[in-house]
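Please look through the sequence and the model first, and then follow the sections below.

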Amino acid sequence: QVHLVESGGGLVQPGGSLRLSCAASGTIYTIYTMGWYRQPPGKQRELVAGITSGGSTNYKDSVKGRFTISRDNAKNTVYLQMNSLKPEDTAVYYCNVEGVDSDVVEPFDSWGQGTQVTVSS
């Protein structure tokens, strides 16, 4: 099994910054795509940013220029640096990791438990 542990959420004032981390562990053979999603109150979950094994990135339009996704392949960890935060960024943030499970040699698609980010004065 593959497990994801997220950290770094919290309460921050508008214009502030937070850094989210998500570490994957378990029976991992390889990791392909890593990403961050969020679910604002009363809304559906949406993709915020993704990064491939080769380092290519994509972002939701509203976070471009403010958020940066990165990954440390040696640590099986993905990060989301969030700057210039706005109240509309308030949501539960989830990490998502896709790869191959070394135990069953099959693809896996795992989700973190979610971390709350609240942007408010």
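How many disulfides does a search of the whole structure find?

## The disulfide

The model is a predicted one, and a search of the whole of it finds one disulfide. The two cysteines that form this disulfide are C22 and C95, whose sulfur atoms are 2.0 Å apart. Because C22 lies in strand β3 and C95 in strand β9, the pair ties together parts that are 73 residues apart in sequence. A disulfide is a covalent bond between the sulfur atoms of two cysteines.

The link of C22 and C95 is right-handed, with 45 degrees about the S-S bond. C22 counts as buried, at 0% relative accessibility, and C95 is likewise buried, with a relative accessible area of 0%.

The antiparallel strands β1 and β3 (residues 18-26) are joined by six bridges. In one of the pairings between them, S7 has S21 in β3 as its bridge partner. Strands of a sheet pair through backbone hydrogen bonds, either parallel or antiparallel.

Strand β9 covers residues 91-101 and includes V97. Is V97 buried or exposed? V97 is buried, because its relative accessible area of 0% falls under the 20% cut-off for that class.

Leaving aside residues up to four places away in sequence, V97 touches L4, I31, T33, M34, F108, D109 and S110. As for P41, this residue and V97 are 56 residues apart in sequence, and their C-alpha atoms are 23 Å apart in space.

## The salt-bridge network

The count of salt bridges comes to five, and a network of them links R38, E46, K60, R66 and D89. Within this group, the side chains of R38 and E46 meet in a salt bridge at 2.8 Å, N to O; R38 is buried, with a relative accessible area of 3%, whereas E46 is partly exposed, with a relative accessible area of 22%.

E46 also forms a salt bridge with K60, where the closest N and O atoms are 3.4 Å apart. Since E46 lies in strand β5 (residues 46-51) and K60 in the loop between β6 and β7, this pair ties together parts that are 14 residues apart in sequence. K60 is partly exposed, with a relative accessible area of 27%.

## R66 and its surroundings

R66 is placed in the loop between β6 (57-59) and β7 (67-72), and R66 is buried, with a relative accessible area of 11%. The side chains of D89 and R66 meet in a salt bridge at 2.8 Å, N to O. Because D89 lies in the loop between β8 (77-82) and β9, while R66 lies in the loop between β6 and β7, the pair ties together parts that are 23 residues apart in sequence. Both D89 and R66 are buried.

A polar atom of the R66 side chain also lies 2.9 Å from the backbone oxygen of S84. Among the residues that R66 touches, not counting those up to four places away in sequence, are Q81, M82, N83, L85 and K86, as well as S84 and D89.

Key
Residues are numbered from 1 along each chain as its sequence is written. This is a predicted model: local features need pLDDT of at least 70, side-chain atom pairs count only at pLDDT 80 or more; totals for chains, interfaces and linings use all residues. Side-chain values use heavy atoms; hydrogens and water are left out. Helices (H or I, at least four residues) and strands (E, at least two) are DSSP runs, numbered from the N terminus. Buried means under 20% relative accessible area, exposed over 50%, partly exposed in between (1.4 Å probe, protein chains only). Contact means heavy atoms within 4.5 Å. A polar contact is a pair of N or O atoms within 3.5 Å; within protein, one must be able to donate a hydrogen and the other to accept it, and residues adjacent in sequence count only if both atoms are side-chain atoms. Two strands pair if DSSP finds at least two bridges between them. A disulfide is a pair of cysteine sulfur atoms within 2.5 Å. A salt bridge is a side-chain nitrogen of Lys or Arg within 4 Å of a carboxyl oxygen of Asp or Glu.
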